[in-house]
Amino acid sequence: MFKKVDDSIRMHQEDEDYSNPPEEFIGLSDFTSCGSDQLSFRAGDRLLVHTKTSADWWWAELGGLCGYVPSSYLKQDVEGSYLKQGVEEDTSEETSEDPWQDEEYFGSYGTLRLQLEMLSDRARTETYRQVILTNSASLRGKVVMDLGCGTGVISLFCARLAQPKAVYAVEASSIAEHTETLVRQNGCEEVVTVFQGRAEELELPGTVDILISEWMGNCLLFEFMVESVLQARDRWLREGGMMWPSGASLCLVPCQALDYYTERMGFWEQPYGLDFTALQSLAQSEFFSRPRFSHLLQPEDCLATPCDVITLDMLTLHVTDLEKLRGQFTFIVEKAGTFHGFTSWFRVQFQSLERDKTTLELDTGPFSEPTHWKQTLFMLDGPISLLGGETVSGIILLHRNPVWRRHMTVTIQWRISSTEETGNCMASILYLLGVNCNSHYLKCSLIPISDRRCGMLPVKNDSLSNSPLFTTYLQVYPFYTY
Ligand code: GJV
């Protein structure tokens, strides 16, 4: 049932004939090989693809060397082939596609559906209200920027609960047309100014003292709105100014997900007294190879104490840091249970403007009031029994998509160790934890757009050397929208 990815590739490769002429592709970003059968290349390199072995891995040549390369890292050399044919420079849709997908992105935020979802998330909205309320004295006379203000709720809290000098409410979607009206109807037009447009193109009268934004997506970073926030910070936040949130972290826990597992996998055991187990491997790849967004993890399904795997300081974080983020974890299993997967979520902190006051926090985890983000579940291929005292340790990698800038790939590489001989360490199955999530940035259902965005990213077996490692390969799934 568990198939080793690289073996299946190798088998295919042997069957291949080379009768088709190779196609030229260009590297979209650097790729470092993780084994002798892979080929490293740099962004901009021209590779000859001999065989499209699978959707994810292609057999290619560069500088006389051959090896497997991830297809998602390559783009067709449209320009080169056009020029070869003597056609003028390429202006096809292919190259004019927006890697930020702003039209779709801002289009979706122009609807009340998403605005309602965010506004009616009590834990979220109330945290921002509390931040402003508890800092109201220090906000007096300050200039605030509310980036991605939507309907303007945070700006209105500022104007109503504190006495800022000015609030710049910045919103790129068409909802901004209504925000102006709401500002007026709530009598805040003297203080709040709405700027309709992308924050990146904003022109302001001067710098701001506080930059407030609700930019967090699923697994903290999806949507990568954080890049807009960091750019606005570098351009408009005065020296010594405050960022809200001031800090953020991604949290992880190994967990049980018995109901979800039974619903999607167990079902095929004996529906209506029939044996449908032949569909189980299909079910597994269809249901478990992508993360499950909007999972509500029950506290009792946590197999260990959750931990922060990645933490970000919003004052010092650079846009370039977002390309690759890496975290480590060691979980000690607290009670025996079935390990079905990992669940992740985020926390953000709001440091007080006054030194001695406490930092407020929005925690979207299973031990806090549920939010509209809920949590994200990454299922294993199959359940594993764990005993109390065993450890689950490994690394998590967030790799931002080199082309589709609002997306990223999540890879979790892990192993189980125990003091006793439980057999877990000896398992020779290669688990494929398909945990990509080029996701769902619009907080909605998933439809693939194009195969071109599929791929696989191999992960190096670094940092974990002793016992057998459950190597995790990562499916880079198509991009989703609704
Ligand atoms: N400039 C202006 N408005 C923006 C920008 C930008 N660069 N990026 C996002 N928004 N927490 N993941 C707006 C977007 O239109 C929406 O109304 C809001 O910010 C997103 C807030 C929630 N998303 C999130």
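Two strands are said to pair if DSSP finds at least two bridges between them, and strands themselves are DSSP runs of E with at least two residues, numbered from the N terminus, as are helices (H or I, at least four residues). The model is predicted, so local features need pLDDT of at least 70 and side-chain atom pairs count only at pLDDT 80 or more, while totals for chains, interfaces and linings use all residues. Residues are numbered from 1 along each chain as its sequence is written, and side-chain values use heavy atoms, with hydrogens and water left out.

Strand β19 (residues 408-417) is largely enclosed by the rest of the structure, because 9 of its 10 residues are buried (under 20% relative accessible area with a 1.4 Å probe, protein chains only).

Attention now turns to the ligand. Around the ligand are 19 residues (a heavy atom within 4 Å), and Glu171, Ala199, Glu214, Met216 and Glu223 come nearest. Several polar contacts, pairs of N or O atoms within 3.5 Å, can be followed from the side chains. A polar side-chain atom of glutamate 223 is 2.8 Å from a ligand nitrogen atom, and one of glutamate 200 is 3.0 Å from a nitrogen atom of the ligand. For glutamine 115, a polar side-chain atom lies 3.4 Å from an oxygen atom of the ligand.

How values were computed. Buried < 20%, exposed > 50% of the residue type's maximum accessible area, 1.4 Å probe, protein only. Polar contact = N/O pair within 3.5 Å; in protein donor to acceptor, adjacent residues only side chain to side chain.
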